Amino acid sequence: MAAATATAANAFVTRYPNAMADTSTSNSSTLSSSQIRFGFRPLRIKRLVSERRRSSLSLSPVCSMNDSDNSMQSSRVAAEAMALGVSALEKLKTSGAQRYTKEKSSFVIVGLNVHTAPVEIREKVNIPESQWPQAISELCDLNHIEEAAVLSTCNRIEIYVKALSQHRGVKEVTEWMSKTSGVPVSELCKHRILLYNKDATQHLFEVASGLDSLVLGEGQILSQVKHVVKVGQGVPGFGSGIGGLFKHAITAGKRVRTETNISSGSVSVSSAAVELAILKLQEPYFANARVLVVGAGKMGKLVIKHLIAKGCEKMVVVNRSEERVAAISEEFENVEITYKPFSELLSSAADADLIFTCTASETFLFSKEEVQMLPLVHPGIGSRLFVDISVPRNVDSSVSELEAARVYDVDDLKEVVSANMEDRLRKAREAQVIIDEELGKFEAWKDSRETVPTIKKFRAYVERIRAAELEKCLSKLGDNISKKDKQAVYDLSMGIVKKLLHGPMEHLRCDGSDDGRSLNEVLENMRALNRMFDLHTETSMLEQKILTKLERSKK
C-alpha cells in the first residue's frame with residue numbers, strides 16, 4: 001500500500017513541481033508514475049513549468065512549526081486590533097504585516113487524495129458532510145483565510161480557500177487539519193497537495209470533469225462538486241470568489257461530459273468494486289456466491305445496480321431504514337432483495353460469501369474478532385471476501401490477517417481501472433481542450449472582479465450627486481408641485497444617470513471573449529476613472545478582515 005501511494009505522489013510532483021515543494025523537509029518517499037492520472041499529465045508539464053517560472057512568488061517550506069519574527073509580529077498586531085478596536089488598525093501600517101496587507105488574494109488547495117495518500121491517512125482527515133458548514137466557519141476564523149470550501153469524498157479530502165497570504169494561509173490550514181484529525185503536521189506534509197491560483201483552478205476543473213478520479217470520467221464526482229455549492233449556500237465564508245470558482249468548475253464538468261465521450265464505457269467506484277470482486281472470486285463462484293451489501297445510500301445503490309448487471313439475482317441488504325431498500329426492490333422487481341436491520345449485521349455476514357460495505361459509519365462495522373467468529377464459507381470460494389469502498393473504512397484492516405477472510409478497499413481498485421489505458425488517454429486529451437477554454441473564461445471573470453469596487457464607488461458617487469441636485473431642484477419648485485410632476489423630475493434624474501453610467505460601465509467589463517475588451521484595457525479604464533473622480537478609498541484586505549471580525553465579535 002505504501003509503495004503504491006509512493007509511486008502516485010512522484011507523478012503528481014512531476015505535474016505540479018511546486019505542489020509538494022515542502023516535502024523536501026519531510027522525508028517523503030520516491031514514487032513511480034504508473035498510479036497517477038493514466039499518464040496523460042505530461043502533456044501540460046511544459047506550459048505549467050513556464051507559468052511557474054513567471055510567478056513572482058517563491059514557495060518556502062511551510063511544514064516548520066517555527067514562524068518568522070514578522071509573522072509573529074503581524075499576528076500580535078492583529079490580535080491587539082481585535083482587542084482594542086478599529087483605532088488599533090493603524091498599527092498594521094507600521095508593523096511587519098505591512099508587507100502583505102496589499103497582497104492580492106490567492107486561491108489555494110490544501111488536501112489529500114487517492115493519488116498521494118493511503119486510505120489510512122485519508123479516513124482520519126475525512127470531514128463528514130454534516131460538518132462542512134462548521135469547517136468553513138472555523139477555516140474563515142483563521143487570520144489569513146477569507147473564504148473556504150470543503151470537498152470530501154471516498155477518494156479525496158481537499159480544502160479550497162481564498163487566502164490573504166499564501167504562505168500563512170497554507171500554514172494555518174495545515175495546522176487546522178492536523179488539529180481536527182489528530183494527524184501530525186509532519187505526516188500531512190508527506191502526503192498533501194498544495195496548489196495555487198491557476199494550478200488550483202485547473203485541478204478543480206479536472207476533478208469536476210472526472211479527469212482526476214481513480215476511475216477516469218466517473219460521473220458521481222460532478223454531483224459531489226455540485227453538492228459543495230448546495231451545502232455552502234448561505235454559509236458565512238463560502239463567498240463569491242470560492243462560489244464562482246466552483247460554479248465555473250461545474251460548467252467545465254458539464255461541457256466535458258456533453259461534448260466528449262469520456263463517460264461512455266467508464267466505470268464508477270461502485271462498478272469497479274463489483275469488477276474487483278468478480279476478479280478475485282472468479283466468475284464461476286461469483287454466480288453462486290451469497291451476496292451481502294451493507295448500506296443502501298448512493299454508493300450502495302450503485303453497487304446493487306452493477307451486481308444485477310453482472311447477473312446477480314439474489315442478495316441481502318443491511319441498512320438503517322427499510323424504506324430505502326424497499327424503493328430499490330421496487331426498481332428491480334426481478335431480483336430478490338432481502339432487507340435486514342443493522343441489529344442483524346453479523347448474522348447476515350455469517351450467511352454471506354461476498355460482502356460489500358459502503359456506509360458513512362465512522363467506526364468499524366467488522367472487527368477482526370467478530371469476523372473470526374463467523375463460520376467458514378463454501379470450500380470452493382476459499383475465504384470470505386470483503387470489498388470496502390467506505391471512507392472512513394467499515395472493515396478493520398486487521399481482518400485481512402485471518403486466513404478465512406480477504407479485504408479490499410478503495411485503494412485496491414487501481415488494479416481494475418488500469419485497463420483500457422489508451423482509450424482513457426485519448427478521452428482525457430479531448431476533455432483537456434474544453435478545460436483550457438473554461439480556464440480562460442474563469443480567469444477573465446476573476447480578473448474583471450477587480451473593477452467591482454470601482455463600479456460600486458462610481459455608482460455611489462454619481463447617486464450622491466443626483467440625489468443632491470434633485471433635492472435642490474425640488475426645493476426651488478416649491479411645495480405646490482404635484483406628485484406627478486415630482487415623479488417626472490425624479491424619473492428624469494434617474495434616466496440621465498442611467499445613460500451617463502452606461503458607457504463607463506461597459507468599459508469596465510471584461511467577458512474573456514475574443515472580441516471583448518482586453519483585461520489590460522479594462523484595468524486602465526478603471527485606474528483612469530479612479531483618478532478622474534478621486535475614488536481611491538480602498539481599505540487593505542487584512543484591515544477589512546479585522547474590521548469584519550470586530551463586527552462579528554460585537555454580535
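1. E175 and K171 both lie in helix α6 (residues 166-181), four residues apart, or about one turn of the helix. Helices here are DSSP runs of H or I with at least four residues, strands are runs of E with at least two, and both are numbered from the N terminus. The two side chains form a salt bridge, with 2.7 Å between the closest N and O atoms. The term salt bridge stands for a side-chain nitrogen of Lys or Arg within 4 Å of a carboxyl oxygen of Asp or Glu. E175 is partly exposed at a relative accessible area of 27%, whereas K171 is buried at 14%. Buried means under 20% relative accessible area, exposed over 50%, and partly exposed in between, with a 1.4 Å probe and protein chains only.

2. The model is predicted: local features need pLDDT of at least 70, side-chain atom pairs count only at pLDDT 80 or more, and totals for chains, interfaces and linings use all residues. Residues are numbered from 1 along each chain as its sequence is written, and side-chain values use heavy atoms, with hydrogens and water left out.

3. The structure holds 20 salt bridges. One of them joins the side chains of R290 and D353, at 2.8 Å from N to O. R290 lies in the loop between α12 (283-288) and β5 (291-294) and D353 in the loop between α15 (345-350) and β8 (354-357), so this pair ties together parts that are 63 residues apart in sequence. R290 is partly exposed, at 37% relative accessibility, while D353 is buried, at 3%.

4. E401 forms a salt bridge with K368, and the closest N and O atoms are 2.8 Å apart. This pair links distant parts of the chain, with E401 in the loop between β9 and β10 and K368 in helix α16 (residues 368-372), 33 residues apart. E401 counts as exposed at 55% relative accessibility, and K368 as partly exposed at 24%. Elsewhere, R255, E259, E437, E438 and K441 are linked in a network of salt bridges.

5. The structure also holds eight aromatic pairs. Among them is the pair of F205 and F442, whose ring centres are 6.1 Å apart with planes at 70°, so the pair is edge-to-face. F205 is in helix α8 (residues 197-209) and F442 in helix α18 (residues 421-448), so that the pair links distant parts of the chain, 237 residues apart. For rings of Phe, Tyr and Trp (its six-membered ring), a pair needs centres within 6.5 Å; planes under 30 degrees apart count as stacked, over 60 as edge-to-face and the rest as tilted. F205 is buried, with a relative accessible area of 0%, and F442 is buried, also with 0%.

6. Which kind of aromatic pair do F442 and W445 form? The pair is tilted, with 5.6 Å centre to centre and 35° between the planes. F442 and W445 both lie in helix α18, three residues apart, about one turn of the helix. W445 is partly exposed, with a relative accessible area of 25%. F107, F205, F442 and W445 form one aromatic cluster.

7. A charge and a ring meet at R320 and F342: the charged end of R320 sits over the ring of F342, 4.4 Å from its centre. A charge sits over a ring if NZ of Lys or CZ of Arg is within 6 Å of the ring centre and within 35 degrees of the ring normal.

8. R192 is placed in the loop between α7 (185-191) and β4 (193-196). R192 counts as buried, at 2% relative accessibility. The side chain of R192 makes a polar contact of 2.5 Å with the side chain of T174. A polar contact is a pair of N or O atoms within 3.5 Å; within protein, one must be able to donate a hydrogen and the other to accept it, and residues adjacent in sequence count only if both atoms are side-chain atoms.

9. Two backbone details deserve a check. Most residues other than glycine have a negative phi, and most peptide bonds are trans. N197, in helix α8, has a positive phi of about 50° although it is not a glycine. The peptide bond from V391 to P392 is cis, with omega near 0°, and P392 is in the loop between β9 (384-388) and β10 (405-409).
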